[in-house]
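Hi there,

Here is the structure I promised to pass on.

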Amino acid sequence: MTALFEALFDGIEKGFTKEVANKKRYLAAAAAQEEVSQLLLLRAIEAFCMKPSPGAVKEVALVLKALYDADVLEEEFIVQWYQEGLASGNKGSQIWKNAKPFIEWLQSAES
């Protein structure tokens with residue numbers, strides 16, 4: 001999954017969300033293989049954003065929302081990925097700070 005993500009988005013910083021939206025059908029096909037594929041996709045997004053690409057990490061919440069709205073990612077897996085990320089000891093990482101508003105929105109939407 002990480003290799004696919006890298007192949008699709010390598011070198012993209014500006015307009016990351018737009019590129020993800022344009023190529024969501026590839027991600028949807030890969031994530032539909034089995035349930036664990038959604039977590040693998042989320043981890044690929046995380047790995048991509050952890051690289052020195054400040055543009056991508058700034059757009060992580062928008063990317064998650066775009067994939068959620070397109071039914072590529074389900075709420076349950078997004079929240080699980082976020083919680084695992086916080087528990088891994090990287091709480092201070094920018095990806096978690098930037099994803100937090102979307103996660104809070106997801107959790108408040110269900111209540």
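Helices α1 (2–9) and α3 (24–31) pack with their axes 11 Å apart, at an angle of about 175 degrees. Axes here are lines fitted to C-alpha atoms, for helices over the stretch in contact, and angles run from 0 to 180 degrees between N-to-C directions. That angle makes α1 roughly antiparallel to α3 (under 35 degrees counts as roughly parallel, over 145 as roughly antiparallel, 65 to 115 as roughly perpendicular and the rest as oblique). The helices themselves are DSSP runs (H or I, at least four residues), numbered from the N terminus. On the α1 side, Leu4, Phe5, Leu8 and Phe9 meet Tyr26, Leu27 and Ala30 of α3, where contact means heavy atoms within 4.5 Å. By class, this contact has seven nonpolar, no polar and no charged residues (Ala, Val, Leu, Ile, Met, Phe, Trp, Tyr, Cys and Pro count as nonpolar, Asp, Glu, Lys and Arg as charged, and the others, Gly among them, as polar).

A word on the source: this is a predicted model, so local features need pLDDT of at least 70 and side-chain atom pairs count only at pLDDT 80 or more, while totals for chains, interfaces and linings use all residues. Residues are numbered from 1 along each chain as its sequence is written, and side-chain values use heavy atoms, with hydrogens and water left out.

Now the other partner of α3. α3 and α4 (36–50) have axes 8 Å apart and an angle of about 135 degrees, and are therefore oblique to each other. Leu27, Ala30 and Ala31 of α3 make this contact with Ser37, Gln38 and Leu41 of α4.

Which residues of α3 are buried? They are Leu27, Ala30 and Ala31 (buried means under 20% relative accessible area, exposed over 50%, partly exposed in between, with a 1.4 Å probe and protein chains only).

The largest nonpolar core has 35 residues, and Phe5, Phe9, Phe16, Leu27, Leu41 and Leu67 have the most contacts inside it. Such a core is a set of buried Ala, Val, Leu, Ile, Met, Phe, Trp, Tyr and Cys residues joined through side-chain atoms within 4.5 Å. α4 gives the most to this core, with seven residues.

Finally, Ile45 sits in helix α4 and is buried, with a relative accessible area of 0%. Leaving aside residues up to four places away in sequence, Ile45 touches Phe5, Val60, Val63, Leu67 and Ile95.

Best wishes

Technical notes:
Helices (H or I, at least four residues) and strands (E, at least two) are DSSP runs, numbered from the N terminus.
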